[in-house]
Amino acid sequence: MAKFNTSTARPVGHAPIRTDSTATGTTYEGAPGYARDAQSELFLLAVTNMVGENTFYESAGDRDSRFSQLVRQVAVTDFDWLTRFARWLRGEANMRSASLALAAEGTKACLAAEQPGSRALIASVLQRADEPAEFISYWHAHYGRKLPMAVKRGVADAAARLYNERSFLKWDSDSRGVRFADVIQLAHVDPRSEWQSALFKYAIEARIGIEGLQIPEQLGVLRANTVLRALGPDRIRELAEAGELAEHLSTAGVTWEAVPSLVNGPWTKELWESIIPSMGYMALLRNLRNFDQAGVSDTVAATVGARLSDPEQVAKSRQLPMRFLSAYRAALSLRWSWPLEQALDAAVSNVPALDGRTLILIDTSGSMNAGFSKDGTLMRWDAAVVFGLALARRCAHADVVSYSNHGLRFDLRAGESLLSAIARWKNDGFFIGAGTATAAATKATFDRHDRVVILTDEQTGWGGDPGAVLPPTVPLYTWNLAGYRHGHAAGGPNRHTFGGLSDKGFDLIPLLERGRDGNWPF
């Protein structure tokens with residue numbers, strides 16, 4: 001039986017996500033469901049939304065339609081909030097597809113309401129040189145071939161900022177439905193310099209297919225690219241063996257992905273070791289298995305590990321914590337374990353230290369086995385376990401429980417690394433995979449704890465509101481990992497909901513417990 005903490009009530013702060021205090025619907029498993037205001041529902045959906053991907057309970061079409069409706073609703077009621085959210089979603093949250101769709105749907109709503117501001121909204125979320133074309137493709141697919149003036153100007157602002165020789169070489173190809181030249185012509189992009197004017201002219205003429213087209217003198221990177229590609233495979237290998245390939249690639253605006261095409265063959269140890277110093281953080285993280293298969297030396301691997309584990313590099317990369325778990329699982333060699341452990345620690349550094357006793361409930365029901373990543377290697381329960389165990393390590397005392405239709409206590413081991421604990425969770429059968437009895441699990445495991453944290457998709461099946469089985473003075477923090485419409489607990493004092501795939505919301509816990517209100521992270 002649950003034992004209630006009878007200590008003096010603490011000050012009550014309020015989280016930005018607002019949930020109704022009475023049930024107005026049901027969860028997908030039939031339990032009473034609690035709706036949220038439009039901003040709160042949109043936030044929870046956007047920070048977990050891989051656009052175009054099915055989830056356990058919602059099809060991709062239904063989920064994207066709900067997302068669009070929420071964006072259009074908020075766009076006309078609080079456009080300033082939507083604009084700030086869009087910038088944060090694309091930047092700090094690094095949710096690229098969701099932010100582009102948000103900007104397009106927000107623009108459509110503003111145009112219908114004859115409301116200004118769409119130009120700046122569009123330009124603010126287009127942060128990579130392939131995105132102006134992606135935005136136009138989205139608009140064509142959803143709203144037709146004609147581009148409104150606000151769309152043209154927002155896209156043009158971004159294209160003028162992002163288009164250069166290197167981005168042209170990286171992102172413009174025959175495989176793209178909308179090319180650089182199409183963007184330049186459709187959005188009437190004005191060049192900002194003489195070299196950019198020459199680039200725009202060349203891109204358009206190349207798109208048309210003018211025979212004998214010559215690269216202008218101003219475009220030195222494009223000219224160097226042509227020279228490099230004419231060297232032939234043997235000369236490219238010689239440059240790699242001499243340690244000079246990376247410099248030549250940089251001069252020619254060629255990224256590491258193009259190396260196999262330059263040598264007309266597979267990656268080798270020498271090719272990888274030549275190019276690794278010039279690779280970006282994400283590229284290194286995603287190629288650890290390839291490094292192992294090619295036999296990259298321990299000396300070079302040590303330099304990769306040093307970069308991966310550098311907290312500044314981790315922060316700058318904006319990689320979601322689960323990416324380090326994915327890399328750890330994919331790598332063949334144990335030499336990556338310690339750097340990835342340090343990187344994961346840095347990626348969850350916002351998880352606060354908590355005093356007292358904390359009950360952490362991790363939902364491992366069947367719906368939490370739905371995938372995050374397109375390759376199916378990361379599940380929602382993976383994210384729940386990463387954050388739940390990271391939080392447990394920061395607590396003065398934590399009880400961790402995996403629950404579905406029953407609960408399993410997970411013993412924390414002093415000195416165990418986070419990655420090792422996650423592997424033990426998976427290997428020792430702590431994913432249950434049945435129904436969702438959140439309230440029952442909460443009642444069965446609560447024992448005078450100072451707070452309760454539940455990591456879940458909130459689609460409880462029976463037992464009602466988990467907050468109802470706790471004393472009103474004990475805070476309940478729900479970490480939402482799916483963004484479905486209805487939540488599992490009533491809103492009210494000491495009942496808080498956060499969400500997302502990063503650690504950015506956990507720092508609200510001590511703030512709220514000091515009686516201060518939490519703000520949106522933007």
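**Close-up views of a predicted model**

View 1. Leaving aside residues up to four places away in sequence, Leu284 touches Ile276, Met279, Phe291, Val304, Arg307 and Leu308. The model shown here and in the views below is predicted. Leu284 belongs to helix 16, which spans residues 281–286. With a relative accessibility of 0%, Leu284 counts as buried, because buried means under 20% relative accessible area.

**View 2. Asp130 in the loop between helix 5 and helix 6.** The loop that holds Asp130 runs between helix 5 (118–125) and helix 6 (131–143). Asp130 has a relative accessible area of 4% and is buried. Its side chain is joined to that of Arg128 by a polar contact of 2.8 Å. Not counting residues up to four places away in sequence, Asp130 also touches Arg96, Trp171 and Arg176.

**View 3. Helix 5 and the elements that cover it.** The buried residues are Ser118, Leu121, Ile122, Ala123, Ser124 and Val125. Their cover includes helix 3 (79–90), helix 4 (96–112), helix 6 and helix 7 (149–162).

**View 4. Packing of helix 1 against helix 2.** Two packed helices are described by the angle between their axes and the distance between the axes. For helix 1 (residues 38–46) and helix 2 (residues 60–77), the angle is about 140° and the axes are 10 Å apart. Helix 1 is therefore oblique to helix 2. The crossing of helix 1 past helix 2 is left-handed. Helix 1 contributes Ala38, Gln39, Glu41, Leu42, Leu45 and Ala46 to the contact, while helix 2 contributes Arg63, Arg66, Phe67, Leu70, Val71, Gln73 and Val74. By type, the residues of this contact are 8 nonpolar, 2 polar and 3 charged.

**View 5. Buried residues of helix 23 and what they pack against.** Helix 23 covers residues 418–427, and its buried residues include Leu418, Leu419, Ala421, Ile422, Arg424 and Trp425. Both helices and strands pack against the buried residues of helix 23. The helices are helix 20 (321–330), helix 21 (337–347) and helix 22 (380–393). The strands are strand 3 (354–363), strand 4 (395–403) and strand 5 (407–410). Just after helix 23 comes Gly429, with a positive phi of about 80°.

Key
Residues numbered from 1 in each chain as written. Predicted model: local features only at pLDDT ≥ 70, side-chain atom pairs only at ≥ 80, totals over all residues. Heavy atoms only, no water. Helix = DSSP H or I, 4+ residues; strand = E, 2+ residues; numbered from the N terminus. Buried < 20%, exposed > 50% of the residue type's maximum accessible area, 1.4 Å probe, protein only. Polar contact = N/O pair within 3.5 Å; in protein donor to acceptor, adjacent residues only side chain to side chain. Contact = heavy atoms within 4.5 Å. Axes fitted to C-alpha atoms, helices over the stretch in contact; angles between N-to-C directions. Parallel < 35°, antiparallel > 145°, perpendicular 65-115°, else oblique. Left-handed = near helix turned anticlockwise from the far one by under 90°. Nonpolar A, V, L, I, M, F, W, Y, C, P; charged D, E, K, R; others polar.
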